[in-house]
Amino acid sequence: FVPLLPAPDVAFWQRFTQLKLDELRLDEKPLSVTGFYEAPSGVGAPPKCFFTDSSFAEDPGLPSRAALVSGELKNFNTKEEFRDFLGGEKRQARVTEVGAALRK
């Protein structure tokens with residue numbers, strides 16, 4: 001098993017910024033996002049999970065020969081909240097919660 005490397009493009013972050021400023025504001029609920037996986041084109045290239053501006057759409061469309069990857073993007077409003085999540089029990093609790101949902 002080789003973990004996928006996340007590969008968000010610039011348009012992904014531009015769309016997220018627009019959503020954050022215009023719609024989400026201080027809302028911290030996780031956002032549903034989709035990406036796609038394509039087999040690496042070069043020898044030795046790492047497998048990547050691509051995220052684009054269409055990752056926030058209900059029907060993102062996929063390139064041919066790509067596999068859909070879905071998940072959540074957690075929005076933090078302060079760096080303290082982010083650090084607390086990474087270093088505290090909240091991260092492990094979220095991993096456990098998502099793992100349980102996958103096993104259902």
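Helices here are DSSP runs of H or I with at least four residues, strands are runs of E with at least two, and both are numbered from the N terminus. This is a predicted model, where local features need pLDDT of at least 70 and side-chain atom pairs count only at pLDDT 80 or more, while totals for chains, interfaces and linings use all residues. Residues are numbered from 1 along each chain as its sequence is written, and side-chain values use heavy atoms, with hydrogens and water left out.

View 1. Follow the sequence and you get β-α-β-β-β-α-α. The C-alpha trace spans about 40 × 35 × 30 Å along its principal axes. Of the 104 residues, 21% are buried (buried is under 20% relative accessible area, exposed is over 50%, and partly exposed is in between, using a 1.4 Å probe and protein chains only). The accessible surface is about 7900 Å², with 57% of that belonging to carbon and sulfur atoms; these areas come from the Shrake-Rupley method with a 1.4 Å probe, and for residues only the protein chains shown count as cover. Take the contacts (heavy atoms within 4.5 Å) with a separation of 6 or more: 68% of them are between residues 24 or more positions apart.

**View 2. Thr 34, a residue of strand 2 (residues 31–38).** Is Thr 34 buried or exposed? Thr 34 counts as buried because its relative accessibility is 15%. Skip the neighbours within four places in sequence, and Thr 34 still touches Phe 51, Ser 54, Ser 55, Pro 60, Leu 68, Val 69 and Ser 70.

**View 3. The largest nonpolar core, a set of 10 residues.** A nonpolar core is a set of buried Ala, Val, Leu, Ile, Met, Phe, Trp, Tyr and Cys residues joined through side-chain atoms within 4.5 Å. Here the members are Phe 12, Phe 16, Leu 19, Leu 24, Leu 31, Val 33, Cys 49, Phe 51, Phe 56 and Leu 73. In soluble globular proteins, nonpolar side chains tend to be buried together. Zoom in on Phe 56: leaving out its neighbours within four places in sequence, this residue contacts Phe 12, Arg 15, Phe 16, Leu 19, Leu 31, Ser 32, Val 33 and Leu 73.

**View 4. Arg 94 in a salt-bridge network with Glu 72 and Glu 97.** A salt bridge means a side-chain nitrogen of Lys or Arg within 4 Å of a carboxyl oxygen of Asp or Glu, and the count by this rule is 4. The Glu 72 to Arg 94 bridge has an N to O distance of 2.0 Å. That pair links distant parts of the chain, with Glu 72 in strand 4 (residues 67–73) and Arg 94 in helix 3 (residues 89–103), 22 residues apart. Glu 97 also bridges to Arg 94, at 2.8 Å, N to O. Both Glu 97 and Arg 94 sit in helix 3, 3 residues apart, about one turn of the helix. Arg 94 counts as partly exposed because its relative accessible area is 23%.

**View 5. The salt bridge between Asp 84 and Lys 90.** The closest N and O atoms of this pair are 3.1 Å apart. Asp 84 is partly exposed, at 40% relative accessible area, whereas Lys 90 counts as exposed, at 52% relative accessibility.
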